[in-house]
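Reader: I would like to learn how to read the strands, sheets and cores of a protein model. Could you take me through one example, starting from a single pair of strands?

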Amino acid sequence: MKSSKKYIIGASALLIILVGCGLAVGRALNGDDESMYDETPKSMQQILSDIRSLMEDNAIAAYIVPSVDAHSSEYISAHDRRLQYVTNFTGSAGTAIITLTEAALWTDSRYHLQAEGQLDADYWTLMREGLSEVPSRDDWLQQHLPSGSQVGVDPFLITSTEFDRLSRVLSSGGFRLVTLERNLVDSVWNNRPEQTSEPLIPLDIKFSGKRASEKITDLREELEKNKASAIVINSLDEIAWLLNLRGSDIRNTPVFFAYVIVSGSQITLFTNPDRIIDTIRDHFQTEGISVTVREYDDVLAGIKEQVQEHNKIIIATACNQAFYALIPADQRIQQYSIVATKRAVKNAIEAEGMRKAHIRDGAAVVRYLHWLEENVDSENITELSGAMKLREFRSVQENFVGLSFTAISAFGTNAAIVHYSPTEETDTLITRDNIYLIDSGGQYWDGTTDVTRSVHMGEPTAFQKEAFTRVLKGFLSLGSAVFPPKTSGTFFDAMARRALWDVGLDYGHGTGHGIGSFLGVHEYPPSLVSSTSSPGNVGLLENMFSSNEPGYYEANQFGIRLEDIVQVVPADVAHDFGGRGALTFYSNTVVPLQTKLMDTTLMSDHEIELVNKYHERVMKEVGPLLLEQEANDAYIWLAKQTQAIKRM
């Protein structure tokens, strides 16, 4: 726990942040909390040996290590990087299973190539999820467990729904899933990083658009509808949104470690009390809420108190098993997160902020792409130095705070690794000989951005042009779709893949994810994926925001992805689905699409018209900002990049 003195310093810094440009927050959000540095590291053999010894002490034959933290976060702090510690795998999604004799890691197709390079094959087996010959975790466990044995999990790191599902699967084979009081990885992890507890950051009403008191009132109305007395909120993004507070406990994601219980009469915040300085007390008063603050680790006691008062308690389907097990069945109401559903529909201020943030972000990306094209021959630009230059262009934009994730700056064969991030060991020179993919985003006080462009600064091959154009066709099809409210994300996912499927091509990731307003770059709902069972696939509503990001990846050769952030808006069409209303998408992202990579013989007149109209808007919205920033050469470059396509 941090000392009080440090938090006084933090308060002073915070006042500077609030009246300044946000660079101090940017330093915090982009601080090096990714480091797993250990002065006395254990070998992989020793780590696994120590864990197996504890497994024997706890009478379990297998132990599951997921990639999440106690809040089911996708991006996690160094303190919670248990999967990385035991496997060396740094991807954001994966699950390890350790038995007394074997160790295996499952991860999806985004990370197959990455995991292959990071796992030590002497100790770990890579299970490439999605391949027909690879057994599921369920099947593998049943094939490798001794009869009647137990499988152990940390109840804070598994959702209640997954615990129930896996329990039933294992039980059918004569096995038992059990929870352990102490996480086995934590027990063997020497020099484990401390949990961060940085100063809290109030979000002004001019950015949030809605007082915390209004959000709490809405939430209490939901309690009444469900005949419940309290709700437990576990998600860090949801807590930050609800209280109009931000933090920097997790790199690039402006959240803070906390839990919240809201009842009809009280709001209890479980976090480090040292963070509640005068600035935060004033914020609560301005927001019209009274908050009781307790220690972060008191949350189980807080839930027990609600149980002892015989209250009906709402928990989310993504709630961890530790919370779920504390609440008796007759007092438990479990449903998809109420807060997440409300947060997904942006209010007018948030929506306007997102549009403005994307215009500024577009100017930064345009300046970068222009700079890259102009200097690729004269300077030794690498994936890492390129990403640093892009951050530099973002940092001068109004309301910039930091990055929204570590840039996927990938050239040539590296771009075939879907979530590749360059390191000093893999850093590759960017040249004119192949496709360069840049997937990046920024955190601004008024919005979060995420944009991907794929460019070739030399002469693309015919197949590269075909692949790019088929990705583009799906991108345009989704972006111009007209649909009724609550249309399933699976509809858009299939739409984006159609042109690739026509020739037997595909990509191994989802097509769209929700995005926060100065919050997480990935949030759910909405979710545009193939699976109808995806929890975030609740259907689209006006003012939801989603990515539109089809791609194609040719292993060991190149990768292509296009990504815009689109907003669900009313559609101007002749009919309205029998009174239900007609919706379409508006692209917030304003960055040109490289026409050099387009094979216009594969494009319809309508698709060419869509590109031309989009480029006209890019020039209209980003051009003046470039001139304002005295980026005259970038303005001239953008004018060329957005010239109308004409059929030969």
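**Reading strands, sheets and cores**

Author: Two strands count as paired if DSSP finds at least two bridges between them, while helices (H or I, at least four residues) and strands (E, at least two) are DSSP runs, numbered from the N terminus. Please keep in mind that this is a predicted model, in which local features need pLDDT of at least 70 and side-chain atom pairs count only at pLDDT 80 or more, whereas totals for chains, interfaces and linings use all residues. Residues are numbered from 1 along each chain as its sequence is written, and side-chain values use heavy atoms, with hydrogens and water left out.

Reader: How many residues lie between strand 2 and strand 3 in their hairpin, and which residue of strand 3 is the bridge partner of Ala-96?

Author: The hairpin formed by strand 2 and strand 3 has 3 residues between the two strands, and Ala-96 has Leu-105 as its bridge partner in strand 3. Strand 2 also runs antiparallel to strand 1, to which 5 bridges join it, and there Pro-66 stands opposite Thr-95.

Reader: What is the order of the strands in the open sheet of 6 strands?

Author: The order is 4-3-2-1-5-6, and the pairing in this open sheet is mixed. Strand 4 (125-128) and strand 6 (176-179) are the edge strands, each pairing on one side only. From one strand to the next the twist averages 25 degrees, where axes are lines fitted to C-alpha atoms, for helices over the stretch in contact, and angles run from 0 to 180 degrees between N-to-C directions.

Reader: In which sense do strand 5 and strand 6 pair, and which helices pack on the sheet?

Author: Strand 5 (residues 150-153) pairs with strand 6 in the parallel sense over 4 bridges, and Val-153 stands opposite Thr-179 there. Packing is read from contact, which means heavy atoms within 4.5 Å. Helix 3 (residues 44-57) packs on the sheet and touches strand 1 (62-66), strand 2 (95-99) and strand 3 (103-107), its direction making about 65 degrees with that of strand 2. Helix 7 (residues 160-172) also packs on the sheet, where it touches strand 1, strand 5 and strand 6, and its direction makes about 145 degrees with that of strand 6.

Reader: What does Ile-98 touch?

Author: Ile-98, which has a relative accessible area of 0%, touches a set of residues that includes Leu-48, Ile-51, Met-55, Val-65 and Trp-124, if residues up to four places away in sequence are not counted. Ile-98 and Met-55 are 43 residues apart in sequence, yet their C-alpha atoms are 9.4 Å apart in space.

Reader: Which residues have the most contacts inside the largest nonpolar core?

Author: A nonpolar core is a set of buried Ala, Val, Leu, Ile, Met, Phe, Trp, Tyr and Cys residues joined through side-chain atoms within 4.5 Å. The largest one has 70 residues, and Tyr-368, Ile-430 and Leu-472 have the most contacts inside it. Apart from this core lies another of 51 residues, among them Val-232, Val-262, Phe-270 and Ile-327.

Reader: What is the strand order in the open sheet of 3 strands?

Author: Its order is 15-18-19, with antiparallel pairing. Strand 15 (400-403) and strand 19 (447-448) stand at the edges with a single partner strand each, so one side of each is left without a neighbour in the sheet. Helix 17 (residues 383-395) packs on this sheet, touching strand 15 and strand 18, and its direction makes about 160 degrees with that of strand 15.

Reader: How many helices and strands are there in the protein?

Author: The protein has 21 helices and 27 strands, and buried residues make up 58% of its 648 residues.

Methods
Buried < 20%, exposed > 50% of the residue type's maximum accessible area, 1.4 Å probe, protein only.
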